[in-house]
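Please find below a colleague's note, in numbered points, to be read alongside the sequence and the structure.

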Amino acid sequence: MVSTRDLSRIPLFRGLSEEHQAAIARLAREVACSEGDVLFREGDAASQLYILLEGRISIQVKLSSCPESLAVASLSQYGQLVGWSGLIHANYTASAVCDTDSRLLIIDANELSALLRENPEAGFPVMEQVAITISERLRNIQRVVLKTL
């Protein structure tokens, strides 16, 4: 079971009250994935939010100009957010593949969204962290794409 202590170490949930962390912990489950496992594919309905606990995840996008996917990010730090699209009720904007055996938290995106809507004092800081993540990933994608040109 995921504890509030575990969640307090994750940037997305750091600073939330213990009550809010406990509610989120009830939604989370820990899973182990093997090297080569695909967490989700670009274009799939974004139904889960993933948080990296251990391992390395490659974020990949399809380019119309070449048949293979382009790795635009490599996530390997504890607590990194994977699959943020689930919180904005969209499709995944990229694919996520385990580069190594990995451990992750999985949270149902609809349940977390409902909890955050009902508790805006928790929702605002979480969505602020999501915005920071999106901004960092966009800058990273720009660097990767510019290198390939």
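1. A residue is called buried here when its relative accessible area is under 20% and exposed when that value is over 50%, with partly exposed in between. The model is a predicted one, and the points that follow should be read with that in mind. With this cut-off, the buried residues of helix H3, which spans residues 109-118, are Ala109, Leu112, Ser113, Leu115 and Leu116. Viewed down the axis of H3, these buried residues fall within an arc of 160°, and they therefore line one face of the helix. An α-helix has 3.6 residues a turn, so residues three or four places apart point the same way. On the face of H3 that is turned away from the buried side, the exposed residues are Arg117 and Glu118.

2. How many salt bridges does the count come to? The count comes to 3 salt bridges. Side chains of opposite charge can pair when their charged atoms come close. In one of these pairs, Arg103 bridges to Glu30, with 2.3 Å between the closest N and O atoms. Arg103 belongs to strand E8 (residues 102-108) and Glu30 to strand E1 (residues 28-33), so this pair ties together parts that lie 73 residues apart in sequence. Arg103 is partly exposed, at a relative accessible area of 28%, and Glu30 also counts as partly exposed, at 46%.

3. Arg103 has a further salt-bridge partner in Glu54, at 3.4 Å from N to O. This pair, too, links distant parts of the chain, since Arg103 sits in strand E8 while Glu54 sits in strand E3 (residues 48-54), 49 residues apart. Glu54 counts as partly exposed, with a relative accessibility of 45%.

4. Another salt bridge is formed by the side chains of Arg56 and Asp99, at 3.6 Å from N to O. Here the link runs between two loops, with Arg56 in the loop between E3 and E4 and Asp99 in the loop between strand E7 (95-98) and E8, the two residues being 43 apart. Both partners are partly exposed, Arg56 having a relative accessible area of 35% and Asp99 one of 26%. Where salt bridges share partners, they join Glu30, Glu54 and Arg103 into one network.

5. The cysteines deserve a careful look, with a disulfide taken as a pair of cysteine sulfur atoms within 2.5 Å. By this rule the model has 0 disulfides. Cys33 takes part in none, and the nearest cysteine sulfur to its own, that of Cys98, is 4.4 Å away.

6. The largest pocket has a volume of about 360 Å³. It is lined by 17 residues, and those closest to its centre are Gln80, Leu81, Thr133, Glu136 and Arg137. Which elements each supply at least two residues of this lining? They are strand E5 (69-75) and helix H4 (120-148), and H4 gives the most, with 7 residues. Sorted by class, the lining of the largest pocket has 7 nonpolar, 7 polar and 3 charged residues.

7. The second largest pocket holds about 230 Å³ of space. Its lining is made up of 14 residues, and Trp84, Thr93, Ala94, Arg137 and Ile141 lie nearest its centre. Strand E4 (57-62) and H4 are the elements that give two or more residues to this lining, and the largest share, 4 residues, comes from H4. By class, the lining of the second largest pocket has 10 nonpolar, 3 polar and 1 charged residues.

Conventions:
Residues are numbered from 1 along each chain as its sequence is written. This is a predicted model: local features need pLDDT of at least 70, side-chain atom pairs count only at pLDDT 80 or more; totals for chains, interfaces and linings use all residues. Side-chain values use heavy atoms; hydrogens and water are left out. On a 1 Å grid over the protein atoms alone, a cavity is a set of points where a 1.4 Å probe fits but cannot get out, and a pocket is an open set with protein on both sides within 12 Å along at least five of seven lines; lining residues have an atom within 4 Å of a point. Grid points are joined across faces, edges and corners, and a volume is the space filled by probe spheres set on the points. Ala, Val, Leu, Ile, Met, Phe, Trp, Tyr, Cys and Pro count as nonpolar, Asp, Glu, Lys and Arg as charged, and the others, Gly among them, as polar. A salt bridge is a side-chain nitrogen of Lys or Arg within 4 Å of a carboxyl oxygen of Asp or Glu. Buried means under 20% relative accessible area, exposed over 50%, partly exposed in between (1.4 Å probe, protein chains only). The arc is that of the directions from the helix axis to the C-beta atoms.
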